[in-house]
Amino acid sequence: MKIQVKIIGYLINQTGFSEKELQIPAAITAEELLSMIKIPKEMPKIITRNGNAISPLDKLKEGDRVVIAPLYSGG
Amino acid sequence: MKGWTGNLLRINLSSRTFKKETFTEEFAKKWVGGRGFALKILWDELKPGIDPLGPENKLIVALGPIAGIAAPNTGKTVVAAKSPLTGGYGDGNLGSRVTINLRKAGYDLLIVEGKSEEPVYIMIEDEKVQFLSAQEIWGKGTYATLDWLYKKYGKGAGILTIGQGGEKKVLYSVIRSMEGRAGGRPGIGAVMGSKNLKAIVVKGSKEIPVADPEAIKKIGADDLRKVGEIDKKTGWSIQGTTGVLAWCNEVAALPVRNMRKTSHKDAWRIDGERLNAARVATYGCPHCTMRCGITILDKEGHQSELDYENIGMLGSNLEIFELAQVASLNYLCDDLGLDTISSGGVLGFYADAIDQGAIDGDFRFGDAEKAKELLKLAAYREGIGDFLAQGSMRMAQKIGKDSEAYAMHVKGLEISAYNCKFIPGMALAFATSAIGAHHKEAWIITFELKETARDSYGKEKAQKVIDLQRIRGGLFEFIVACRFPWIELGWELEHYPLYFNTITGLNWNLDDFWKVSDRIYALMKAFWAREFPDWDRSKDYPPKVWFDPANADKEGIIAGKILDLAKYDQLLDHYYKLRAWDSRGIPAKKTMKNLGLSQEAKELAKYNRLE
C-alpha cells in the first residue's frame with residue numbers, strides 16, 4: 001500500500017529525505033515504518049497520522065499521511 | 001557567600017550618581033537571582049500605580065549564581081521593569097556578554113533609576129561608572145549603535161542597547177545585544193528609552209567567586225563539550241528552533257492570518273529546511289555549544305538572524321511566505337529594537353481589523369513592502385505608526401467594534417507563534433504565563449497531542465503547565481541559564497543542581513528549586529494583583545476568538561473545532577487549585593505564608609482582598 005511520509009527537523013538526518021510517498025507492506029505498524037526508514041527507536045519523537053498522534057504499535061492504512069517529528073518542547 | 005558576588009550596583013540617572021550596595025545571604029537564597037532578584041526589587045521599591053514610562057520605574061539587569069560561569073549555557077541576562085505594555089510585572093532574557101562582564105565587574109544585579117535630562121549611555125568598568133553622552137548614537141539603529149560602541153570598547157565588552165523603537169517608547173520595544181539577540185518583550189526597551197538611556201556597556205576584570213573553582217572548571221568544560229556533541233549527533237542546530245514550523249503546519253498549530261488559520265499550503269517556503277539552505281552564518285550566545293542563530297541574507301542584503309518565533313509571527317501570521325522578505329521584517333525589528341513576536345501580532349491584528357471593516361487602511365495580509373513601511377512608522381511613531389506603537393490591546397480598545405475578540409494577546413502581551421484555537425493546555429500556558437502570553441514559561445503541545453486527548457481539559461494538563469513553569473519560568477530564569485540544552489537536547493535537569501552546588505557550596509536538590517519557583521510565581525501574580533485592584537480570572541483567559549465557533553477551521557484536521565469556554569474555566573480552576581490560589585487567580589494568604597511571603601501578603605492586602 002501507499003502512504004505519504006513527512007519527516008520533520010533533525011530526523012531528516014536519519015532518513016535522508018523530508019517527504020515522499022512510500023510503498024509499504026499492508027498493515028505495517030508505525031514502529032516497523034520507523035525501522036524501514038532508519039529512525040532509531042530510542043530517539044524521542046512524536047508520530048502523527050492525518051494530524052493525530054499515534055502509538056508505535058498502531059497499524060498504518062492505505063493513503064495515510066504519517067508525520068514523524070522530534071519531540072519538540074517549544075523553544 | 002560563594003557563587004554570588006553579593007553586590008548590586010544602583011545607578012541614578014537623574015542625579016548621575018551610583019552606589020555599590022550589598023545584599024544578604026538570606027536574600028540570595030530566597031530569590032537566587034535573575035527573575036527572582038528583579039521581581040523582589042521591583043515589588044519592594046516600586047509604588048503601585050506608577051507610570052511605567054516615568055522616572056519612578058526602575059530598569060533591572062539581573063544575573064544568577066550560574067550566569068557567566070563556563071558551563072552549559074550560561075550567557076543569559078535578565079532585564080526587567082514594570083511593563084508599559086501590560087501594566088504588570090515584565091521581564092525577558094537575552095544572550096549577552098553583559099552576563100560575564102557584569103559578574104566579573106563584581107555585581108549580580110544592576111538597578112537603574114530616574115531619568116537623564118540628555119541621552120546618555122552608562123559605562124561600567126569594575127568600580128568605575130561613567131555617564132557619557134549618547135548624542136552621536138541617539139536616533140541610530142541597534143546595529144550601528146553596537147558598531148559605534150564596539151569601536152570604542154572592543155567586541156569583548158558587554159553591551160545592552162535600544163533602537164529607535166525604545167527611544168520613541170514603542171510599548172513592545174526590546175533591549176538588544178550581540179547583533180541578533182533581544183529580550184524584554186513587554187516593553188523593557190521603552191523603559192530604557194524613557195530614561196534617555198541608549199546603552200549600558202560593561203567591562204569586568206575580576207574573578208567570579210565560586211565555592212569550588214577547579215571542580216566547576218572541569219565539569220563546565222566537559223559538559224559544554226558533551227552538549228555540543230549531542231547537538232552534532234542529533235543535528236538539532238541544523239534547523240534550530242525553526243524545525244518546529246513544518247510540524248506546527250502539520251498539526252494545525254501554526255499562526256496564519258492573525259491566527260485565523262492554523263496551517264497554510266505555502267508554509268514549506270519558510271520552514272527550517274529552506275532556512276538552513278539559505279544560511280550564510282550562524283551566531284550564538286556566550287558559553288553555548290548548540291548555536292541556534294541561523295542567519296540568512298534579507299531582501300536588501302542584510303544579515304538577518306532568524307528563529308521560529310520570528311518566522312511564525314512575521315511570516316505565516318502575516319501570510320508572507322518569501323523567506324528573504326520575512327528576514328527583512330526581522331532585520332528591521334532587530335535594528336529598530338522592536339519585539340518580533342509583538343510586531344507580527346500587531347501587524348496581523350491591524351490587517352485583520354481592516355479585513356473585518358473595523359478600521360480603514362491599505363495594509364493587507366501578504367504585503368511585505370507595506371509591512372516594512374509600517375514597522376518603520378511604528379518605531380518612529382509617525383502617522384499610523386503612533387497607533388501601531390501601542391500594541392494590539394490598546395489598538396483594539398480604540399477601534400472597538402468587537403475587535404478586542406481577535407486582538408491576539410493575553411494581559412496585553414501578544415501571543416507567541418503557536419495557534420491554540422484547538423489546543424486547550426497550551427492556551428492555558430499562554431494565559432497563565434506571568435508576563436502575558438509568552439511561550440518561554442510552559443509549552444505543552446507535544447505532551448497534549450501524545451500523552452493526552454487533544455480535546456481534553458483535564459487536571460494533568462494544568463499540572464504539566466505548572467511543572468514546566470517551575471522549570472522554564474522558574475529554574476532557568478533565576479539561576480539564569482538558557483533552557484535549550486534541556487529542552488532541545490534532553491540534557492538532564494539533574495545537571496543544574498550539580499552546577500549550582502559546585503558554584504555556591506550549598507546542597508540543594510530540584511525540590512529546593514521548585515519552592516523558589518513557586519514563591520516567584522506567587523509574587524509575580526501578587527505584583528499584578530497589587531497593580532490591578534479589580535483583578536479577576538478573566539485576565540487569565542486567551543482571546544475570545546479562540547472560543548468562537550465562527551472562527552473554527554473550515555477544513556483540515558481540526559475543522560469545526562474550537563476551545564470550549566466552560567471547559568477552559570474548569571481547566572483554569574484546576575490550575576488555581578494546584579497552585580493553591582483563589583478563584584480569581586490570586587495566591588491565597590496561607591499559600592503566600594507557606595512560601596515565605598507573609599510580609600508580601602500584608603502589603604498586597606492593602607490593595608486587594610486576600611482569601
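Two residues are in contact if their C-beta atoms, placed from the backbone, lie within 7 Å. I start there because that definition sits under much of what follows, including the contacts of Ser194(B) with Leu53(B), Lys115(B) and Lys169(B), where residues up to four places away in sequence are not counted.

Some ground rules. This is a predicted model, in which local features need pLDDT of at least 70 and side-chain atom pairs count only at pLDDT 80 or more, while totals for chains, interfaces and linings use all residues. Residues are numbered from 1 along each chain as its sequence is written, and chains are lettered from A and ligands numbered from 1 in the order in which they are written.

Let me stay with Ser194(B). Its place is in helix H6 of chain B, residues 188-194. Helices here are DSSP runs of H or I with at least four residues, strands are runs of E with at least two, and both are numbered from the N terminus. Is Ser194(B) buried or exposed? It is buried, because 22 other C-beta atoms lie within 10 Å. The cut-offs are these: buried is 20 or more other C-beta atoms within 10 Å of the residue's own, exposed is 12 or fewer, and partly exposed is in between, with C-beta atoms placed from the backbone. From Ser194(B) to Asp339(B) is 145 residues in sequence and 17 Å in space, C-alpha to C-alpha.

One of the contacts of Ser194(B) is Lys169(B). Lys169(B) lies in the loop between helix H5 (164-167) and S10 of chain B. It has a positive phi of about 60° although it is not a glycine. Lys169(B) is buried, with 20 other C-beta atoms within 10 Å. Asn196(B), in the loop between H6 and S12 of chain B, also is not a glycine and has a positive phi of about 60°. Asn196(B) counts as partly exposed, because it has 19 C-beta neighbours inside 10 Å.

Next, helix H4 of chain B, residues 142-153. Its 12 residues, at 1.5 Å a residue, should span 16 Å, and the end C-alpha atoms are 16 Å apart, which agrees. The expected span is 1.5 Å times one less than the number of residues. Which residues of H4(B) are buried? They are Thr142(B), Thr145(B), Leu146(B) and Leu149(B). Seen down the axis of H4(B), these fall within an arc of 95°, so they line one face of the helix; the arc is that of the directions from the helix axis to the C-beta atoms. They pack against strands S9 (158-161), S10 (175-177) and S12 (197-203) and helix H12 (323-336) of chain B. After H4(B) comes Gly154(B), with a positive phi near 90°.

Just after H23(B), Ala580(B) takes a positive phi of about 60°.

Lys421(B) is in the loop between strand S17 (413-414) and H17 of chain B. Lys421(B) counts as buried, with 25 C-beta neighbours inside 10 Å. Leaving aside neighbours within four places in sequence, its contacts include Met259(B), Trp546(B) and Leu563(B).

Now the core. A nonpolar core is a set of buried Ala, Val, Leu, Ile, Met, Phe, Trp, Tyr and Cys residues joined through C-beta atoms within 7 Å. The largest one has 217 residues, and Leu375(B) and Met426(B) are among those with the most contacts inside it. Its largest share, 11 residues, comes from helix H22 of chain B, residues 510-531. Leu375(B) itself touches residues including Leu329(B), Cys333(B) and Ser343(B), not counting residues up to four places away in sequence.

Last, the two chains together. How many residues does each chain bring to the contact? Chain B brings 26 and chain A brings 20. On the side of chain B that touches chain A, H9(B) gives the most, with five residues.

As for confidence, pLDDT is the predictor's own, from 0 to 100 for each residue. Chain A has a mean pLDDT of 95, and 100% of its residues reach 70 or more.
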